[in-house]
Amino acid sequence: MSRPITSAPPSGPLHLGHYCGALAPFVTLQSDSDTAFFAVADLHLMASRAHRAVTRSAPGAAARLVAECLAAGVDADRCTFYRQSHVPELALLSTLLGNLVTVDDLLLQQGYVRRAAAGGPPSLGMLGWPALEAADVIGVGATHVAIGAGNAGHLEICHRILTRLRDEWAIELPFPAATVAAVDLPGLDGDPKMSRSRRNCLLLGADESALRAAVHSMTPWSEDGASVPGAHLAALGLTADAARVTQGLTDGTMSLDEARDLVLAAVLTHIAPIGRRLAELKEDRTLLDGLLAAGTERVRDLADATLRRLRRELGLTRV
């Protein structure tokens, strides 16, 4: 039986790009598993946002993230939610695993390069992001990882660590397979990447009126020449409509308003129900906090067992 994992920092409301990039693939992986894990990655959050306002809002943001996952189809009976910062065993495991990967490898990671270019001197946490991600994966014995395209290289780091453990110390641990998002969605404004900070995205928790307004602001082409309506339709699994819209906008046989109407119909079918479920779930803090508390304790036990095994087989414990 598979054991999938995915993660997201509690940095704000999820949008369609998050859903298509990791959450929807994770829901699919979960359907073939009776044990799945979702890391509320608040340590990753601090790697690039170590500010008082951010850390103080983390508990509420963590609960909302769980609510968004449940609203989007994650099954609480199959999935274990946990707060990364509440599992100290993962921090120890990350420190141990960080010794098995080189700084040169970390500096080349697309996620690091992208975040470092965003402004300000990069933190040690940002550089070591893949080692902590590997600790999440290895700590629970995950067999599959749902991951966005921008961070797909992090799983290569995880595989290198696992290879070192196997080749140098004969430690056999699962090599997880990756389910990677095919594309990054362009923003509604034509920016090559959807972003909350640019307000060019479709939020999963938006109500119908907000979704309508957002879709009707959609530009036809992105800055890199992609069809924005076509990309959104393709992300929602409507590949035939995506091709028809792209061709129609190219040869002038379809108007932008017609393309927007097709996107809106798809959004109201696939995304609006998530917002309605979220409106109910996010008010039940007892449920959300309870899921996080129980899941965090379970992951502490699993990560502790992994850490003990590695210490023993690496020769770091007394004989």
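The model is predicted: local features need pLDDT of at least 70, side-chain atom pairs count only at pLDDT 80 or more, and totals for chains, interfaces and linings use all residues. Residues are numbered from 1 along each chain as its sequence is written, and side-chain values use heavy atoms, with hydrogens and water left out.

Me: How many helices and strands are in the protein chain?
Reply: Helices (H or I, at least four residues) and strands (E, at least two) are DSSP runs, numbered from the N terminus. On that basis the protein chain has 16 helices and 5 strands.

Me: What is the order of the strands in the open sheet?
Reply: Strands pair if DSSP finds at least two bridges between them. Strands E3 (79-83) and E5 (177-180) each have a single partner strand, so they stand at the edges. With parallel pairing, the order is E3-E2-E1-E4-E5.

Me: Which residue of E2 is the bridge partner of Ala8?
Reply: Strand E1 (residues 4-8) and strand E2 (residues 36-40) run parallel and are joined by 4 bridges. Within E2, the partner of Ala8 is Val40.

Me: What percentage of the residues of the protein chain count as buried?
Reply: Buried means under 20% relative accessible area, exposed over 50%, and partly exposed in between (1.4 Å probe, protein chains only). Of the 319 residues, the buried share is 46%.
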